[in-house]
Protein chains: 2
Amino acid sequence: MNASRWRISPPPCRCSGACWPPGPDAVSADGLELFADLYEFRMAHAYHALGMEEEAVFSLFVRRLPAGRNFLLACGAEDFCDTLEALRFGGDSLAYLRGLGAFPEEFLAWLARLRFSGAVHAVPEGTPVFAGEPLIEVVAPIAEAQLLETLAMNMVGLQTLLASKAARVVAAAAGRPVVEFGSRRAQGIDAALAGARAFHLAGVAATSNVLAGARHGIPVAGTMAHSFVQAFAREADAFRAFAHHYPETILLVDTYDTAAGVRRVVELARELGAAFRVRGIRLDSGDLAALARQARGILDHAGLTQVQIFASGGLDEHRIAALLAAGAPIDAFGVGTEMSVSGDAPALDIAYKLTAYAGQGRMKLSEGKRTLPGRKQVFRTATGDTVALAGEDLPGEPLLRQVMAGGRRAAPRPPLATSRQNAAERIAALPAPLRALAPATPPYPVAISPALAAEEGQVRARLSAANLPPRPVG
Amino acid sequence: MNASRWRISPPPCRCSGACWPPGPDAVSADGLELFADLYEFRMAHAYHALGMEEEAVFSLFVRRLPAGRNFLLACGAEDFCDTLEALRFGGDSLAYLRGLGAFPEEFLAWLARLRFSGAVHAVPEGTPVFAGEPLIEVVAPIAEAQLLETLAMNMVGLQTLLASKAARVVAAAAGRPVVEFGSRRAQGIDAALAGARAFHLAGVAATSNVLAGARHGIPVAGTMAHSFVQAFAREADAFRAFAHHYPETILLVDTYDTAAGVRRVVELARELGAAFRVRGIRLDSGDLAALARQARGILDHAGLTQVQIFASGGLDEHRIAALLAAGAPIDAFGVGTEMSVSGDAPALDIAYKLTAYAGQGRMKLSEGKRTLPGRKQVFRTATGDTVALAGEDLPGEPLLRQVMAGGRRAAPRPPLATSRQNAAERIAALPAPLRALAPATPPYPVAISPALAAEEGQVRARLSAANLPPRPVG
């Protein structure tokens with residue numbers, strides 16, 4: 001068997017491939033209109049050709065929380081809405097699709113005219129959510145809504161994944177500032193930039209990434225790397241030079257020997273006298289609790305009680321909690337890799353599923369992949385959540401709000417600071433066991449409303465009747 | 001304590017934040033010149049101000065292989081070089097940096113003039129590499145080279161991470177095509193697009209992502225989702241409609257009941273007679289080995305021996321190997337999440353370290369963070385690798401090649417197909433235990449040349465002498 005048996009399309013020109021990749025102009029500037037799986041275009045074309053233009057509801061939700069997690073923090077819907085509003089199929093994108101030889105001109109012309117025309121309902125960014133609860137519901141003609149599957153899952157999935165991880169790190173730091181410097185190990189440019197935004201929303205104080213600072217208005221932070229120390233013959237020379245340019249800096253003391261590095265900071269303080277304004281030292285390797293205690297002792301003994309201790313190096317929520325539980329005198333944390341890739345759970349079990357078409361509830365019956373039919377609402381009370389049909393009026397706060405109507409935003413994008421405040425308030429309002437790092441027992445209660453359960457039963461019965469196994473063949 | 005103690009810069013305007021984020025024009029189009037950690041700018045400024053303009057060598061390498069891995073597949077250097085060649089500080093970027101209030105105009109003027117002027121040496125994409133071996137060495141005035149730290153680690157780290165994972169998945173599939181459809185769960189847009197390229201380089205046949213197909217000239221593949229089946233009252237109607245539009249398609253049979261779905265494909269074959277050209281069915285849930293056997297039996301019994309079986313759903317290299325070991329009659333695999341986020345190892349322990357400045361070798365002495373001084377070369381023979389100083393002439397193939405000189409590419413970017421071929425040949429040339437999924441015992445031998453070991457000893461002695469602990473204070 002070879003690849004072509006599987007409908008794998010070669011480059012459109014059918015040459016040996018030497019002409020590829022195309023130049024930077026072959027696809028329009030950001031090209032996100034093509035950020036979709038090929039099957040979405042195939043299905044959209046079939047719907048178009050069949051005249052299936054009725055309204056569909058697609059629901060974006062997480063099937064199960066990652067192991068050991070108590071909640072997720074919704075994030076990413078605002079970027080998704082911005083992208084939806086701007087989505088256009090330009091000539092380059094259409095030319096590429098044409099080159100695949102899979103779509104007739106009529107469908108390409110439809111794409112060329114396509115503007116998202118539907119509605120989006122979303123949980124506000126910074127809201128804790130649980131398994132099975134819709135983060136977003138898209139209501140649009142089925143072909144339009146289908147084309148958004150990959151984009152919605154990727155954007156909202158990534159930011160929710162990272163914000164959820166960061167909420168744990170921030171909780172573990174127990175009020176001490178957390179600065180993120182994970183861009184270097186993040187899974188790509190977008191993960192670093194969207195991640196910095198998600199982290200800040202979840203309570204992280206600042207990012208190291210300058211572009212993230214510029215794009216999202218997030219505070220940026222950073223001082224020196226080991227390389228700066230190494231570029232000088234003596235560590236003391238590097239400290240002196242850096243403090244000259246940045247008097248209120250933080251000096252990285254572990255390039256050669258941590259205790260010796262701390263003593264050199266003390267020497268610098270003696271040398272500079274009143275001009276010494278170094279704010280802190282950073283420990284980046286070794287036994288951070290022991291080194292922090294030793295460093296604190298050296299600094300305090302020299303009268304440098306105002307010099308703070310910043311710790312970094314392989315930290316996550318559990319290591320931060322352990323350091324603080326051990327009484328390590330650490331004033332702030334730098335967190336990188338583990339938060340930036342959500343190391344314990346690098347993906348969410350997120351899904352974007354058809355739940356209604358042409359006014360009828362739809363669902364899968366596949367093993368372990370339950371979907372709840374229809375347009376829904378989540379009602380939150382002090383004692384738990386209820387997932388209900390959208391038309392129901394139940395006690396509690398309805399979490400899903402309409403954010404797009406007729407393809408346009410129903411309200412302006414909220415500032416990041418507002419979403420950050422929302423996150424802080426809503427996380428603080430969770431029951432205490434939910435905010436702990438350990439799994440909460442019992443987990444947060446999420447019920448299905450009687451009306452939704454009845455609808456689920458009816459849809460299941462209808463689907464089962466319509467899809468009875470054919471008589472055995474053969 | 002509050003965040004401002006840690007030199008966290010607020011938005012430049014010092015307003016409440018309501019004016020942020022800036023509009024899309026506030027930073028230049030891709031803005032990757034700002035994709036750096038703030039400390040890189042601070043250090044670059046200090047070097048600039050101190051007149052430290054001599055040549056530095058920075059080495060990009062992975063300290064340890066992820067647990068259970070036998071090799072990494074180098075990937076990402078070509079994108080890094082393209083970005084380096086194009087890097088410019090435009091007015092928007094400079095305005096943002098100016099607004100931080102941390103840098104004098106003189107430094108900003110230097111940035112405005114900055115064009116990368118250095119050399120890059122890289123292992124060709126698709127080459128297996130091991131712990132401690134440089135993937136890239138950058139040789140440039142220290143401030144220039146320092147500014148590239150985050151970009152180099154992120155770009156080369158991500159693509160190497162994902163190519164390395166994909167090489168295992170491809171090996172497990174033992175010649176059967178692997179199609180990737182992980183964009184939905186990839187960590188962001190860039191991870192999905194760069195990932196599709198890395199996967200294809202590592203031997204994956206096709207991607208589901210249309211934009212990746214357009215950008216990188218990768219074959220694209222995909223047929224239908226459950227939603228298509230759900231949009232029809234009866235599964236049989238969905239199959240008939242889809243096969244009408246795409247006669248040689250693959251039908252997804254597990255929306256309601258897998259065996260019933262397969263029987264409906266048989267019914268469709270009877271209905272269509274000679275017009276039935278469906279190439280395969282896809283199983284996406286449940287016990288794939290058992291379902292594949294059952295489906296094969298139903299199809300073969302109906303004379304549909306030409307209809308192939310495509311399996312997907314939570315697959316990784318171990319699950320694929322187990323399915324094939326169990327004799328599951330599966331003809332091709334669709335792999336998503338686990339490959340797209342490198343689920344077992346979502347980050348590499350990658351580092352970008354100063355190894356020489358002003359002609360002198362440099363290194364860290366921090367615990368567990370060994371760096372090898374100087375410009376280096378890796379020589380590969382049939383029996384193992386030797387990491388050596390760049391000037392040495394040892395037996396074997398030198399893996400690092402100069403890809404940029406004087407800030408320009410030393411040779412054109414190779415087509416992806418060439419790098420893919422390189423990967424296939426070089427992986428095939430590895431000893432068989434290295435190509436297995438299980439950890440090879442012993443691991444691949446990587447030696448340090450006597451000259452490099454001697455240099456390391458001398459640098460260590462020099463650094464230790466120059467950085468003797470200061471006399472105890474107090």
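This is a predicted model: local features need pLDDT of at least 70, side-chain atom pairs count only at pLDDT 80 or more; totals for chains, interfaces and linings use all residues.
Local features require pLDDT of at least 70 and side-chain atom pairs pLDDT 80 or more, whereas totals for chains, interfaces and linings use all residues. Residues are numbered from 1 along each chain as written, chains are lettered from A, and side-chain values rest on heavy atoms, without hydrogens and water.

Strands are DSSP runs (E, at least two residues), as are helices (H or I, at least four), numbered from the N terminus; two strands pair if DSSP finds at least two bridges between them. Strand S6 (residues 178-180) of chain A is joined to the parallel strand S11 (residues 332-335) of chain A by 3 bridges, and A:Val179 stands opposite A:Gly334.

Over all chains, 64 salt bridges are found (a side-chain nitrogen of Lys or Arg within 4 Å of a carboxyl oxygen of Asp or Glu). In one of them, the closest N and O atoms of A:Asp349 and A:Arg63 are 2.9 Å apart. A:Asp349 lies in the loop between helix H14 (337-340) and strand S12 (350-357) of chain A, and A:Arg63 in the loop between strands S1 (55-62) and S2 (72-73) of chain A, so the pair ties together parts 286 residues apart in sequence. Both A:Asp349 and A:Arg63 are buried (under 20% relative accessible area; exposed is over 50%, partly exposed in between; 1.4 Å probe, protein chains only). A:Arg380 and A:Asp385, joined by a salt bridge of 2.8 Å (N to O), are likewise buried.
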